[in-house]
Amino acid sequence: MIDITQMRKEYMDKGLDKDDLDDNPLKQFELWFNQAINAQLREPNAMVLATTGKNMMPSVRTVLLKIFDEKGFVFFSNYKSKKAKDIEENPKVAVLFPWLDLDRQVKIEGTIQKISTKESLKYFLSRPKGSQLGAWVSHQSEIVTSRSLLEAKFDEIKNKFIKGEIPFPDFWGGYTIKPEVIEFWQAGTNRLHDRFVYTLQEDSSWKIERLAP
Ligand SMILES: Cc1cc2nc3c(=O)[nH]c(=O)nc-3n(C[C@H](O)[C@H](O)[C@H](O)COP(=O)(O)O)c2cc1C
């Protein structure tokens with residue numbers, strides 16, 4: 001067994017200075033996101049979403065960012081899942097992009113809400129048929145006794161919708177996270193990492209502060 005206490009990486013100091021940052025964190029995110037794509041990171045749009053329901057127990061899982069703009073960060077999911085229940089109880093969430101191959105992470109905290117059915121439908125129609133069917137088959141986060149049951153359900157749904165378009169499931173759609181805090185983290189040498197946090201102000205401007213690593 002490898003001694004994991006001795007596993008550490010020496011970071012190259014790419015450095016991040018306040019002058020390097022855009023005043024608008026969405027623009028800064030776009031810049032880093034494009035760099036993550038150009039660096040051919042695997043699934044750069046994968047983000048770890050943390051929710052906390054009324055039992056106060058945090059829960060995390062990976063979801064895929066599908067849209068981002070001034071209104072927020074959008075992913076799609078099942079509206080009856082465990083995360084959906086947490087969100088109904090408490091709309092405050094956090095997401096993390098672990099762009100480890102770039103020695104970076106971005107953390108976002110904010111308030112989440114469902115997007116409109118019209119917007120969800122637009123995305124649903126753009127998905128491949130298999131994914132559209134998958135949305136119907138999975139009662140996400142419920143207990144299943146076997147994989148074969150899931151596959152039987154998939155075949156049943158496939159036969160049911162064999163002709164024409166696959167209908168839009170009303171228990172599925174997008175969520176948008178409206179950011180209130182966005183932190184950009186870049187590894188530095190000697191563990192002196194650069195951290196900048198943008199905090200949304202009452203007048204809708206963003207305050208930028210450096211944090212100790
Ligand atoms: C790379 C990756 C991408 C994923 N993308 C999504 C997604 O976009 N939406 C989604 O609902 N689940 C996605 N999942 C599955 C979730 O991580 C999770 O298992 C599922 O949403 C159920 O979570 P819950 O029980 O906490 O609600 C993804 C998993 C991985 C590993």
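1. Ligand shell. In this predicted model, 16 residues surround the ligand, counted where the C-beta atom, placed from the backbone, lies within 6 Å of the molecule. The closest are Ser-77, Ser-81, Lys-82, Lys-83 and Ser-141. β2 supplies the largest share, five residues.

2. By class, the shell has five nonpolar, seven polar and four charged residues. Here Ala, Val, Leu, Ile, Met, Phe, Trp, Tyr, Cys and Pro count as nonpolar, Asp, Glu, Lys and Arg as charged, and the others, Gly among them, as polar.

3. Basis. Residues are numbered from 1 along each chain as its sequence is written. Local features need pLDDT of at least 70 and side-chain atom pairs count only at pLDDT 80 or more, while totals for chains, interfaces and linings use all residues.

4. Overall fold. The chain has five helices and nine strands. Helices (H or I, at least four residues) and strands (E, at least two) are DSSP runs, numbered from the N terminus. Their order along the sequence is α-β-β-β-β-α-β-β-α-α-α-β-β-β. The C-alpha trace spans about 60 × 55 × 40 Å along its principal axes.

5. Of the 213 residues, 22% count as buried (20 or more other C-beta atoms within 10 Å of the residue's own, C-beta atoms being placed from the backbone). Among contacts with a separation of 6 or more, 62% join residues 24 or more positions apart. Contact means C-beta atoms, placed from the backbone, within 7 Å.

6. β7 (residues 172–186) pairs with β8 (residues 194–200) in the antiparallel sense over six bridges. Pairing requires at least two DSSP bridges between the strands. β8 also pairs with β9 (residues 206–211), antiparallel and over six bridges. Val-197 of β8 is the bridge partner of Glu-183, and Val-197 has Glu-209 as its partner in β9. β8 and β9 form a hairpin with five residues between them. In the turn, Ser-204 has a positive phi of about 75 degrees.

7. Helix packing. The axes of α4 (residues 129–137) and α5 (residues 147–160) come within 9 Å and cross at roughly 115 degrees. Axes are lines fitted to C-alpha atoms, for helices over the stretch in contact, and angles run from 0 to 180 degrees between N-to-C directions. Leu-133, Trp-136 and Val-137 of α4 meet Leu-150, Lys-153, Phe-154, Ile-157 and Lys-158 of α5. This contact has six nonpolar, no polar and two charged residues.

Terms used:
A residue is buried if 20 or more other C-beta atoms lie within 10 Å of its own, exposed if 12 or fewer, and partly exposed in between; C-beta atoms are placed from the backbone. Two residues are in contact if their C-beta atoms, placed from the backbone, lie within 7 Å.
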